[in-house]
Amino acid sequence: VQLQASGGGLVQAGGSLRLSCAASGSTSSINTIGWYRQAPGKQRELVATISSRGSTNYADSVKGRFTISRDNAKNTVYLQMNSLKPEDTAVYFCRAFTLVADYWGQGTLVTVSS
């Protein structure tokens, strides 16, 4: 499984961005896909996950502002980020889980200016 994350950029506080994570390879083996982020000097943390059935889970810090969704026909997972805050600044990574392994994509940088 290969993952390609995109959509990061520079945005002002209160703005929006949509990240995409496109999967290729053995995509039929993927169960859950998640978005994680890592801010400078901090540990990588979970942002949101979505299962193959569409069940979602969010970190408390992003609930009500971020929405994760998936388009199975396009093998793509999205993270719609609204009401962005400076503390959302981080490199965002997608991660795919199968029954036997997990895979990381490269990161995409999100910078939120105050």
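The model is predicted, so local features need pLDDT of at least 70 and side-chain atom pairs count only at pLDDT 80 or more, while totals for chains, interfaces and linings use all residues. Residues are numbered from 1 along each chain as its sequence is written, and side-chain values use heavy atoms, with hydrogens and water left out. A salt bridge is taken as a side-chain nitrogen of Lys or Arg within 4 Å of a carboxyl oxygen of Asp or Glu; the count is five.

**The network**

- Salt bridges link Arg37, Glu45, Arg65 and Asp88 in a network.
- Within it, Arg37 pairs with Glu45 at an N to O distance of 2.7 Å.
- Asp88 and Arg65 form a salt bridge, with 2.7 Å between the closest N and O atoms.
- This pair links distant parts of the chain, 23 residues apart: Asp88 lies in the loop between β8 (76–81) and β9 (90–97), and Arg65 in the loop between β6 (56–58) and β7 (66–71). Strands here are DSSP runs (E, at least two residues), numbered from the N terminus.

**A further pair**

- Asp102 forms a salt bridge with Arg95, the closest N and O atoms being 3.0 Å apart.

**Burial of the partners**

- Buried means under 20% relative accessible area, exposed over 50% and partly exposed in between (1.4 Å probe, protein chains only).
- Arg37 is buried at 6%, whereas Glu45 is partly exposed at 36%.
- Asp88 is buried at 1%, and Arg65 is buried at 11%.
- Arg95 is buried at 19%, whereas Asp102 is partly exposed at 34%.

How values were computed. Helix = DSSP H or I, 4+ residues; strand = E, 2+ residues; numbered from the N terminus.
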